[in-house]
Amino acid sequence: MSEDRGPAAGLSDGEHLSVLGYEDTFNRSMSLWANFALGFTYLSPLVGVYSLFAVALSIGGPPSIWWIVIVGAGQLLVSFVFGEVVSQYPIHGGIYPWARRLWGRRYAWMAAWVYIWAMIVTITAVAEFGSGFAASLFGIEITNASTLWITLAFLLIALAINFTGTKWLARVARIGLAAELIGVIGLGLYLLIFQRKQEFSVFFDTMGVEGDGSYTAAFMGAALAGLFLFYGFEACGDVAEEVANPARRIPKAMMLTILVGGVSALFSFGGYVLAAPDLASIVSGEDADPIPGILEATLGSVGAKLFLVIAITAFLSCVLSLQAAASRLLFSFARDGMVPGHRWLSKVSPTTKVPTNALIVACTVPALIAVLIWANNDLLVPVTSFAVLGIYVAFQMVVLASLRQRLKGWRPAGPFSLGSWGFLVNVLALAYGVFAMVLLSLPGSTGDFLTDYVVLIGLGVVVVTGLAYLFIARPDRKSDAPSGDAIAVADEIRLRTGATSVVDVH
């Protein structure tokens, strides 16, 4: 597959942006590798594996590792679709402008509303999970109060770095990338080679998690092992106007994020399973937080402390990337006049060239949610679960809109194109997305209605309030920014570049 030739090849970044109706006002200081680092630290396999390792094993046993492969393949299909879209529309905001240009204003408003809330609560959840690492490193007793203060510290440090501009965002993202690779691939390989206590055949051993029932149900229940891991690659497109040559580089960065993230997660998850001195206690649920014990047993106390430093770096970089992506989405939403306070939110700092007001919101609202979690610690799990389902819903709204445009005759006109494979990949990506959303929406089995249906209830509240605001305030009527113009823009790009057809890349 080659995406280096295509109908937009003759357009400069500024010219491409002018075709889309915007001026080139940001510093394009982000390289391919910095863009990849941003997406990778948002995806953060270290965060995902640590957070879900014990849960996945207790539900599905060691074979739950295969969900990393299944979900990785599905999300790679989604990234192909996103790659074609961002290659034609390399503009800030990702999900929102893609949905707007592929479908329309009201459709995009709902996609962005769901996605913004999902991103904001994800910022809170990652900072909350990271607080445990920081508390362990500095010997702080883990209480509701200490968790709150450390969470707020994560949010404020990330905000301060984001305020300095895109260059520092890129630098810290690269540091976070290095920490992630050391923490997942490096440590995973070490555990696999030098500390293996189990046979590789254990990944085909259910270890009795199914009880008297079918293992299929147990395996499906363990899908979270993969579904919580593979999102964040779309953040590469959220900062499109700060990337040089984004129409070519962002599709590559998104796919690299998934491929490297998937390999990293496999090494990490697999390494912990094979190095676990008492795997049975983890699978039975007796050891609910096994990774510190595995690290202490294999690395010693000094090695475990060093890993905590790496983990904290990864968590901070993840919060940083999330804040940056959320602020660019808010900026894009506000630039089109689609959200209350849009004039204030759409302001860009004349010195650092970042949307400072949108960054403040992307820090303040997660901080307020953290206070709510401090008041009621039981909110953390439903908040996290809603975030994942909300992000998948927003993703699939773009995939569906893309398929709708293809049925109308759209042929993507960016430098990256799947050519004749595009329609099939789009259909498969949509089928995978529906499957993933069904898995995420399955109710629990505790018998308590609120507990079992909290994820769907959370999504319902966001959707209903979004629809109410949309039809009462009608923000779509206050914006005259382009929408539903995928075919027209593709034709204009071809006209300006002299291209007469999409170049197949298979």
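A crossing of two helices is called right-handed if the near helix is turned clockwise from the far one by less than a right angle. With that convention stated, I turn to the structure above, which is a predicted model.

The crossing of helix H6 and helix H20 is right-handed. H6 spans residues 105-138 and H20 spans residues 454-473; their axes lie 10 Å apart, at an angle of about 140°. Angles over 145 degrees count as roughly antiparallel, so H6 is classed as oblique to H20. On the H6 side, the residues that meet H20 are Arg-106, Trp-109, Met-110, Trp-113, Val-114 and Trp-117. Their counterparts in H20 are Leu-459, Val-462, Val-463, Thr-465, Gly-466, Leu-467, Tyr-469, Leu-470 and Phe-471. Sorted by class, this contact comprises 12 nonpolar residues, two polar and one charged.

H2 contributes Ala-34, Phe-36, Ala-37, Leu-38, Phe-40 and Thr-41 to the contact. From H8 come Leu-169, Ala-170, Ala-173, Arg-174, Gly-176, Leu-177, Glu-180 and Leu-181. The division by class is 10 nonpolar, two polar and two charged.

One residue of this contact deserves a separate word. Arg-174 belongs to helix H8. Is Arg-174 buried, exposed or partly exposed? Its relative accessibility is 38%, so Arg-174 counts as partly exposed. Beyond its neighbours within four places in sequence, Arg-174 is in contact with Ser-31, Ala-34 and Ala-37. Arg-174 and Asn-35 are 139 residues apart along the chain, yet their C-alpha atoms are separated by 9.1 Å.

The largest nonpolar core has 181 residues. Which element supplies the largest share of this core? That is helix H14, residues 291-335, with 22 residues. Within the core, the residues with the most contacts are Phe-82, Tyr-272 and Tyr-392. For Phe-82, again leaving aside neighbours within four places in sequence, the contacts are Ile-95, Trp-98, Phe-233, Glu-234, Met-254, Phe-395, Val-398 and Val-399. Glu-234 is thus one of the residues in contact with Phe-82, although Glu counts as charged.

Note on methods:
Residues numbered from 1 in each chain as written. Predicted model: local features only at pLDDT ≥ 70, side-chain atom pairs only at ≥ 80, totals over all residues. Heavy atoms only, no water. Core = buried A, V, L, I, M, F, W, Y, C linked by side-chain atoms within 4.5 Å. Buried < 20%, exposed > 50% of the residue type's maximum accessible area, 1.4 Å probe, protein only. Helix = DSSP H or I, 4+ residues; strand = E, 2+ residues; numbered from the N terminus. Contact = heavy atoms within 4.5 Å. Axes fitted to C-alpha atoms, helices over the stretch in contact; angles between N-to-C directions. Parallel < 35°, antiparallel > 145°, perpendicular 65-115°, else oblique.
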